[in-house]
Structure formats: structure tokens, C-alpha cells
Amino acid sequence: MSEERQTGRADRPAQGEGSAETEAPPRILDPAEPAASREPLPGLPPEPTSAVAPYGRLRLQRWWGTASPNLRGSAYMMAALLVYAVMVGAIKHVGGVIPLVQILLIRQIVMSLVLLAMSRGGLRPMLRTRRPGLQIVRSLLTLAAMLCGFTAVIQIPLAQATAIGFSQVLFVTIAAVIVLKEVVDARRWAATVIGFVGVLVMLKPSGDGLDTFALLAVAGALLNAGITVSVRMLAATERTDTILIWQGMVMIAALAIPSWLWWVRPDATQWFWLIVLSLFGTAGQWLITRAYQVGEAAALAPLDFSRLLLASFTGFVFFAEIPELSTWIGAGIVVGATLYTIRKNARTLPREPATP
């Protein structure tokens, strides 16, 4: 299976012009001349230059180029979770006033406009796909998952909705083995199961407190697992922007009429948060799509547990939601499983022998 690899195409430092130089009389330094282009005076040490920053970037590019696919996928995933935390907080903030279908429509319109603005070849290359049917199915799964998951986020405490959503991990791991034929070793299975145990500790599953909105969170988790598998299936032939632009078109078409029927005119503050959640949602969508294109679905799924800490922080600071003790105990288990997964993903995969 082919995958897109980011090689860090930054401009390389210019090569030297040769070691042989003709002697020239020392010149007087011009104070306005950049220090990097000055020649040192005889007998004095060279002046410090700003070459440290390009060197640091070069080292980072080399590290990124040699990192394992799962480690690069982990980096994309963690970045996606950070921007998603901002988006979810904004949705919870405006969701009590603005209908969810309207929020999702505005979000998808902004996302599509950003993709078109950043596209070099225009709309036509982005629409080119070998699997239009799977693109439509994935887009509808995304719409259903957002409606279920964001409704739960708006109606129940943020930490609770996030914790329930972690049941997605089991669905993803099982689907990765059955549908994608990925090999999951015993340690990764253990990390996934231990992480889910932490979720159960937070949920205290006894039947109490599980209402319709909690069940919607579970449904959203199941649908998100289907999205993850479909992205992995599309990874071999489809570009990231192609996947996202198809999602935008399908969701805009599906949300247009409901949004028109239930439209609420936002004020200036609400428009601000709608734009913020749209931009952050676009960045998060791209990052998480790229993560599952680069890394294995079963390897990245446990990293999603770190959303709990972000959700707890957001709920406490902005919505005065105080997590219970069971939430913190379960969070400790979840963080342990997440850190182990990152360490596991950081191990470089064995190189394949070169073909003669």
C-alpha cells in the first residue's frame, strides 16, 4: 500500500563556491551590511551568524524524514486533538443558541473555501477521484457522526461526552483487523484495552445517568470508527484535499435545506465563534485525515484518549464543569496508555532489504 511521505522540502543551504580563493586587501566593514555576509578581520574570531535556525530546521527535517510512519501519524494526531479542543469548546458555546445543522453548514462552507484558496491546481484536480462511491459514503458517515457527537457535546458535560466517545477505540481496532487486515501485536491490544478500562472507570457503567444524549455519543463513536476505516481505505489512491472537498460538497448539499428551515441570525460575537470553530475544524480535519493516511489506524486510535484532559480543562475553565474523582482516576489510566502508544510508535520500523 502506497502512502504519501513528507520529506521536508525546505531550501537547502547554498553550497560553497570552492576552497581556492585569491587574496584581497581587507575591506572596511559597513555597519549597514548584514553580519552574515561580512568577512572577519584578520586576527579576530568570526562574528556569530544566524545559521543556527536553518541548521535546526534541517535537523528537524531529517528527523521527520527518517521517523516511522506511525510516529509521524502520531504527531499529526496530537496536533489535530489540540485544535479540535478549541473547536469543540466553541461549538458548545454557541450550540445553545445556533442550530447544530447551521453550525455544521457554516463550518463546511468555510472549510471548502479554505481548501480552494490553498489549492494550486484549482477545483478540478481536487475533485478527481477513483472511488466516488466511497467518498460519498465517508462524507455521510462524517455528517451522521457530527450530528450525534456534537449534540452530545452541547447537551451533556464535555468530559462525559468525550469519555463516552472513547469507545471508538475498540471499534477502530477491531475494524482495522477485520476490514483493513492490519496486524495488531499483543502490546498494542493491551494498550487499547487498558485505555478503555480507564474510560469505564470514568463512566461507572451501572445504567444510571445514561440518557439519550449519552447514547448519541456512543453512536457518534461507532460512526467515527467507520470514518477512520474509510479514510484508511482511501489513503492509497486519494489526496487529503480530495477527501475533504468531497466531504464539503456532500455535507453542504445535505445541510442546505435544514439550515434554511431553522436558520437563526447570528450576532457579531456568534459570528466570531462560528468562524473560529470553522477554521480550527478545518485544520483539525486535515490533520486527522493526514494522520490516518500516514499511520496505522490501530496504532493511532489509543492516542485519542488524550482528548479527555483537553475536554476536562475546557469544561472546567470555560463552562464551570468539575470532573468527578472517577474521571481523574480513569484519566491517569488513559494517559499511561497514550504515552506507551507514543513510545511504541516512535520505534523505527525495520528497513526492507534493497533489491539487487
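Are Lys92 and Glu321 buried or exposed? Both Lys92 and Glu321 are buried, where buried means under 20% relative accessible area, exposed over 50% and partly exposed in between, with a 1.4 Å probe and protein chains only.

Before going on, the ground rules. This is a predicted model, in which local features need pLDDT of at least 70 and side-chain atom pairs count only at pLDDT 80 or more, while totals for chains, interfaces and linings use all residues. Residues are numbered from 1 along each chain as its sequence is written, and side-chain values use heavy atoms, with hydrogens and water left out.

Back to the pair. Lys92 and Glu321 form a salt bridge through their side chains, at 3.6 Å from N to O; the term means a side-chain nitrogen of Lys or Arg within 4 Å of a carboxyl oxygen of Asp or Glu. Lys92 sits in helix α2 (residues 69-94) and Glu321 in the loop between α13 (307-319) and α14 (325-346), so the bridge ties together parts that are 229 residues apart in sequence. Helices here are DSSP runs of H or I, at least four residues, numbered from the N terminus.

The model has two salt bridges by that rule. Arg239 and Asp241 make one, with their closest N and O atoms 2.6 Å apart. Arg239 is partly exposed, at a relative accessible area of 38%, whereas Asp241 is buried at 18%.

Which residues does Ile91 contact, leaving aside neighbours within four places in sequence? They are Ile103, Phe150, Ile154 and Leu277, contact meaning heavy atoms within 4.5 Å.

α10 and α11 pack with their axes 10 Å apart, at an angle of about 130 degrees; axes are lines fitted to C-alpha atoms over the stretch in contact, and angles run from 0 to 180 degrees between N-to-C directions. On the α10 side the contact is made by Thr240, Ile243, Leu244 and Gln247, and on the α11 side by residues including Trp286 and Arg290.

How values were computed:
Helices (H or I, at least four residues) and strands (E, at least two) are DSSP runs, numbered from the N terminus.
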